[in-house]
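Have a look at the picture first, then follow along with me.

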Amino acid sequence: MRIFFLALVALLFLVSPLSAQNGPVQTLLQDNRAKIIKSSRKSIQPTIDAIASSGLPQAQLVLQKWQAREIWQRKADGLFFYGEKAAPKAYRLFDFDSAEPVGEFPKKQLKLVKPNSGVRALIGTSLVQFQLNDPDAALRRAALLSIERDPAVELLAPLRASIGAESNVDILTLKQRLNTLLTIRFDTDPETRIAAIKEVAGDLGVDVRATLNPLLTTDLAFAEGALPESKNIAAQRVVGEDITAAAAYEMLVAANRAPTVTTANEIRKVLAAHIVGGQVGGAAVATLDDLGARIKAYDNLAASGTVPPRIAEVEREATLASFVFYDLYKEPAKAVTDAARKTLEGIQTRVGFNQALDLGLDALSLASIYFLAAIGLAITFGVMGVINMAHGEFIMMGAYTGYVVQQIIPDYTISLIVALPAAFVVTFAAGVAMERLVIRWLYHRPLETLLATFGISIAVQQIAKNIFGTQARPLTSPGWLDGAWVLNDVVSISYIRIAIFVLALAFLTLFLFIMKRTRFGLETRAVTQNPRMASSMGINPDRVNMLTFGLGSGIAGVAGVAIGLYAKVTSELGADYIVQSFMTVVVGGVGNIWGALLGATMIGSLQKGIEWLNPSNTLAAQTYMIIFIIIFIQFRPRGVIALKGRAAGD
Amino acid sequence: MPRSFIFRNPSILVFIGCLAVFTVVVTVLSEGFGIGFLSTSFIKTLGKTLALCLVAISMDLVWGYCGILSLGHFAFFGLGGYMIGMWLMYERTRDIVVTSMASAEIPPTQQEVKDAIGNQIFGVVGSSDFPAIWTLAGSLPAQLALVVLVPGLLALVFGWLAFRSRVTGVYLSILTQAMTLALSLYLFQNDSGLRGNNGLSGLQNLPGANNVPQAIISVWFLWGSALALGLGYVLFTWVVSGKFGSVIRGIRDDEARVRFLGYPVEAYKLFIFVLSAVVAGIAGALYYPQAGIINPAEMAPIASIYLAVWVAIGGRGRFYGAVIGAAFVSLVSTWFTSGQVPSIHLGFYTVDWVDWWQVVLGLSFVLVTLYAPRGIGGLFDLISGRIAPNRHGADLGPGAGSLQEKEAIE
């Protein structure tokens, strides 16, 4: 009876795990039970591989749950389940094989499988192959992106394995490209790598350059005597030319190949430490305000054996002469670095070409901004000969009009369409008022016009500050103007700049149309050339001047909306452009719209060009540009396109 | 026998007299030498105002007498300030460094002192080496010479380039404005060698006068500024009187006619431009030790335009007008922007003068240009009864007898 009972217990003990162990996943997990529970980064890889390569449909699920720390072991029988929290201190468990809930268990009866972060990273790597073959294309893309962001040698094999089965053409291209890049970086066979390097020749992608550049990184190294033949050396460094003597010597000192040179600073410290009764090394302390005296004192100390002998600069030279210094590639294979360098040089040439193109586009967009800012000025200054220092404030007024319209009309597209004519109307009115009240009294006193309009400028600027405050106001562009037109990784231009370019072109056309094709333009040109003759032909010069000034101001207002879209709207917005606008008009030539266009192009491309030569310093760029303009004026005092004949004035 | 120079220019006596009385009164009321009625900071404000008057008369020389509207005179003013500031900062830092190094066990070498000064001065821009332009910073006579030479040389080069290509009128104004903008942008860089936008600071401390309180130093500078202003006034009055002055005024009124009469117009203009730049540099060298700090923002184009505003409001073409304009507008500006002027309550809106002063200044400037081209100084004409004959038409230049509008356009 008792034996029977024992046998029954034994049977139960045997049967109960067996009955639950019916699934292949559980069997697999139980086989690796010890390793899973006490996992370590060093020993876990075979287990992960066993699960991943088991071919079981649940393998991915197991790895995911494992990585997410959601696998629980039932203390009673040691079986593994994945669980979710059902109640406080209780978990609902699911069987891996059937995905059926097993029941809810209090936490006391369970034990959480806790893989450490190293193990979880390994699981993550292993999971990649599942993601790369996932039926969901978005997940496959996400997996590729994560590999791209964080490439590792282990990912190469699963990536390659997944290429064959890829059905989506786009993703296939992505995978092949990523494979090439990973091959360049991680493959063990130099031939394969060189082939892959040749494959990316001429590719402008940032990722390609980011892959190739590390191959060519070097370490500074040195050797006694001649250059070692066996190593992959990039270049020799000549002491004094490619490397300073001090830096070279410091390397030797750091490697314990040479004694430390006693610097002036050390001499001072040593002397200070050995002062005895106001004397050190046979000299009075007060006399040691000279390096020669200090050296003498130090040598005296050294002669008496108190301090180590001094190593002078001369000895340093001799030591350095017996060493060669060179840059050593981190990559040992010479063929690989050669191929990488050649490919990279080819890419750099193309990148340079494209950068020039990009710079050209930048310059063009800057030129169109300057043109927009200056076109109104070209009318008032060029056509009428009136200096309007408040021109910048008209630009600012236009930008604030855009801002106010945007506060009233929330839809950005509609508000922009409303703001452009509104800005024109507001600044046209302001311009006409200014012409009537101030400028018309000063037509023959240009310097005083300059000062009076400047007075208006400071008043208007301060009024804007009082109304809108000193902080920048946003003028938000509509959604369809966000983003940029990207040609490749090097060349891109934002839509807003394209829009400004188009706007500048539109204004050029409008201006030409008004001046050449309308009655008003004809009258303006007549008044500009000879006001008396014009008025005797029945033209009212007062009216024409007023309208011309209004037109110039109105265009400045519209330019203000455009400028406000990409710059912050502040009360100083206009003042930032006024000097450049004047320069544009002066360089281009007064009284001619083509001159303004040329001037804007010149100044825009010049500024971008100087910025490109010295990219870290835009202040210097502006300085040099202004100096260039001052010198330019020497040779063409009347601008690129100078007026000839009577209209020139003198 | 020609009448004496002073007799022909009675304004000199009046001006020097007023300046002397002003200086004596301020000294008596000062904290350092007198009854302490005026605070040291106000003495400094008055001293700075005198320096500004000096730059205003130099502006009046080029604009009011020679017709060159320079919108870049504060570039010269600032350069003068920088040159004296370099010496002040170097010597003061040297004092500090030597004092702190005196406690070291071993006396410092020359090189160590220099390195420590460099570290102190340029640490703020992430450097410790002296740029080449600081080579002479340790010598007061050299830096004083540079106060005159640097602005003079800049004016000479710029003026020669501009005048020989016959850039005149508004073009010249815009070019001078571009010049001061370029200079201030250049100095804003950290590697310009003059501490970038930090500028030079601590200039109010005179090296070697550590025991002298600021109350006394401020009066010293007031005397220096008054002396310089008086000398400048006499010098300029002498320059514009006589034959030379007639040519200068002729250039202002009609440059082409003077040229056709055989005068080398460019040389005259260049001389006047350089002279006024040198005086502006001296004015800057007197101003910034009283202000205590100089940075590139001081040379922004707006500062030079304000200078033109002062001269215009005071009345150009007469030096006392420039002095009155500079003193009046800068003192009133200080008063209004200091927040001491009571606000005006309109019920629906409170006019706070700190915010609205600029508007008043700008608009009054427009009104002066339109209706009172002679400025405040024109009031003296009313007193002295010297009212110009009515020549039918607004005058183009500010001085009596200048070309009239009707005559000019014919």
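**Entry 1: a bridge to start from.** I began with Trp72(A), whose bridge partner in E5(A) is Leu112(A). Gln73(A) likewise stands opposite Lys111(A) in E5(A). Strand E1 (residues 71-74) of chain A and E5(A) are joined by three bridges and pair in the antiparallel sense. For the record, a pair of strands needs at least two bridges found by DSSP. Strands (E, at least two residues) and helices (H or I, at least four) are DSSP runs, numbered from the N terminus.

**Entry 2: ground rules.** This is a predicted model, in which local features need pLDDT of at least 70 and side-chain atom pairs count only at pLDDT 80 or more, while totals for chains, interfaces and linings use all residues. Residues are numbered from 1 along each chain as its sequence is written, and chains are lettered from A and ligands numbered from 1 in the order in which they are written.

Entry 3: I then looked at E1(A) and strand E2 (residues 80-87) of chain A, which pair in the antiparallel sense over three bridges. Here Ile71(A) stands opposite Tyr82(A) in E2(A). The two strands E1(A) and E2(A) form a hairpin with five residues between them, and Gly78(A) in the turn has a positive phi of about 75 degrees.

**Entry 4: the whole sheet.** In which order do the five strands lie? I read E4-E3-E2-E1-E5 (chain A), an open sheet with antiparallel pairing. Strand E4 (101-106) and strand E5 (110-112) of chain A are at the edges with a single partner strand each, so one side of each has no neighbour in the sheet. The twist averages 45 degrees from one strand to the next, with axes being lines fitted to C-alpha atoms (for helices over the stretch in contact) and angles running from 0 to 180 degrees between N-to-C directions.

**Entry 5: a second sheet.** Chain A also has an open sheet of three strands, in the order E6-E10-E7, again with antiparallel pairing. Strand E6 (218-224) and strand E7 (233-237) of chain A are the edge strands, each with a single partner, so one side of each is left without a neighbour in the sheet. From one strand to the next, the twist averages 30 degrees. Four bridges join E7(A) to strand E10 (residues 323-329) of chain A, and Gln236(A) has Tyr326(A) as its bridge partner in E10(A).

**Entry 6: over to chain B.** I picked helix H3 (residues 40-65) and helix H8 (residues 214-240) of chain B, whose axes come within 8 Å and cross at roughly 15 degrees. That makes H3(B) roughly parallel to H8(B), a word used for angles under 35 degrees. The residues of their contact divide into 19 nonpolar, six polar and one charged. Nonpolar here covers Ala, Val, Leu, Ile, Met, Phe, Trp, Tyr, Cys and Pro, charged covers Asp, Glu, Lys and Arg, and the others, Gly among them, are polar.

Entry 7: I checked pLDDT, the predictor's confidence in each residue from 0 to 100. Chain B has a mean of 86, and 93% of its residues reach 70 or more. Its confidence is lowest in helix H16 (residues 405-408), at a mean of 54, and highest in helix H11 (residues 265-291), at 95. Where pLDDT is low, the predicted coordinates should not be read in detail. The model scores ipTM 0.80 and pTM 0.77.

Terms used: Parallel < 35°, antiparallel > 145°, perpendicular 65-115°, else oblique.
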